[in-house]
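Here is a quick tour for anyone meeting this structure for the first time. Have a look at the model, then read on.

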Amino acid sequence: MDDSVSQLDSTDLLIGGERRPASDGATLPTENPATAEPLAEVPAASTADVDDAVSAARKAFRGWHSTSPDERGRLVHRVATEIREHADELARLESADQGKPLSQAESDIQGAARYFEYYAGAADKLEGKSIPVGPDQVDYTVREPYGVSGQITPWNFPGNLFARGVAPALVAGNAVVVKPAEQTPLSTIRLAELCERAGLPEGLVNVVTGYGEPTGQALAEHDGIDQLTFTGSVPTGKQIMRTAADSVTPVTLELGGKNPAIVFPDADLDNAAEWIATGIFTNVGQICSAADRVLVHESVHDELLDRLVEIVEDYTVGAGLEDPDIGPLVSEEQFEKVAEYIELGRSNDVDTVTGGETIGRPGHFVEPTIFANVERTSRLACEEIFGPVLATLSFSETSEAVSIANDLDYGLVAGVFTSDLTRALRLTQQIEAGNVYVNKWFGDTNQTPFGGYKQSGIGREKGLEALESYLQTKNVAIDLGDGTDLPGG
Ligand code: NAP
């Protein structure tokens, strides 16, 4: 067993401050993606366990909601301190369980601490408005938490996304029940322990590990859940939205993308190639905001490709804990999915500029791969692969690039590479995406709102905007005496 795993106090469920196995004793294995060897067993929570977790959260919510905002902020800030104090251990745990290169896991964990710091400072600034309705009435709004937030997270950034959802939910005054992905539960378990160590009340943060069904589904359809936050695939996101519709539960969905990087002839091609390689090959492409399709002007297509190939062929491959450039994919299932796309490229006569093979070693490794001159309607150009596979397409006119960029139902992020500021600004207006980067990729921070247009999602994570998902507005109208007139009177 990896030493980082043996440091976990327990891998049990965390419900109402208690560690316990699943009520029916069921477990699920999590593996090391670099070896495909088992790493740990965690409980597979039953519907009854989800009931208990939601009840515990509801109980904790009452006390938390009436805790003064400054005290809420102080306690949430202590979580950040705990995370920073345990950052090395958390990063090793994440790298072992998810497979990502250690330095990327370290960065994710620092980002997780930062979410708790950032939102802690907002706890006592969630102000309402005073609305001038005339002399006979006082009117103001109050921003109140929903109650219990159900959070379903994916396997690509488990620890970081735990923090991204839990920190604003708590600061707004909600309690949470978190269901991590079955492939990567360990950092969530540890982070919830650290929330307890920081002094958050029992039951405020609950963790139910388990499968999508029944555990995730039981959480999504639970009538004690007042708000749902989901990050993952479009089909599961749609299913959660349908489920939530029955009880009119608000949802925040951060779904996938097929994100265009548009490169113009006047771009600094070295800079563009560096950012695009980082954008697609970080976390072996398992990122919703990966730069997974490059639209490059035909006059610089080959020059850009040469630069990309040079970068990629220098990459080291290895287990996450060895901190290579390229680690394994998270699971056998994801490996098979990515291998199918690679095979599709190879069998469809697309130019394989580099890579194009799986790597014959234990674990789930594939070569970083670039397919060039891909048809705009092909699956490689239109579908989210979620692996280290880049498709390049060339264009001749700006309008053609914009049309290709906006052609899909996705609209998560996009990038524009040009030295012409006017062109860059025009493009930022024309592109249908929630985030546009100019001459860089991954430009967002904890402080900036992130989310999708079209089928890439609803609502925003990060930044102060994320708090909107966890707050509802109450309007209070107070009569001052004489004002007996009806509205409009
Ligand atoms: P997924 O099905 O969307 O899983 C995301 C989360 O939803 C996991 O915790 C999952 O639990 C849970 N879940 C699954 N079915 C559920 C249901 N019926 N009700 C409630 N929760 C449910 O994604 P996936 O199957 O792991 O990955 C498939 C593809 O999704 C990837 O290849 C990639 O294209 C995309 N993806 C996108 C993101 C993103 O950041 N937008 C992240 C991960 C994956 P289990 O893990 O137990 O199934």
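Helices (H or I, at least four residues) and strands (E, at least two) are DSSP runs, numbered from the N terminus. What you see is a predicted model, where local features need pLDDT of at least 70, side-chain atom pairs count only at pLDDT 80 or more, and totals for chains, interfaces and linings use all residues. Residues are numbered from 1 along each chain as its sequence is written, and side-chain values use heavy atoms, with hydrogens and water left out.

- Most residues other than glycine have a negative phi, and most peptide bonds are trans.
- Proline 214, part of helix α8, is joined to glutamate 213 by a cis peptide bond with omega at about 10 degrees.
- Alanine 36 isn't a glycine, yet its phi is positive, about 60 degrees; you'll find alanine 36 in the loop between β3 (27-32) and β4 (37-43).

**Who surrounds the ligand**
- The shell has 31 residues, and Thr153, Trp155, Glu182, Ser233 and Lys337 come nearest (a residue is near if one of its heavy atoms lies within 4 Å).
- Domain 1 (5-255 + 452-474) and domain 2 (260-438) each give the shell at least three residues, with bounds from an automatic or database domain assignment.

- A polar contact here is a pair of N or O atoms within 3.5 Å.
- Lysine 337 puts a polar side-chain atom 2.6 Å from a ligand oxygen.
- Glycine 212 uses a backbone N or O atom, 2.8 Å from an oxygen of the ligand.
- Glutamine 239 has a side-chain N or O atom 3.3 Å from a ligand nitrogen.
- On its own the ligand exposes 860 Å², and the protein buries 89% of that (Shrake-Rupley method, 1.4 Å probe).

Technical notes. Polar contact = N/O pair within 3.5 Å; in protein donor to acceptor, adjacent residues only side chain to side chain.
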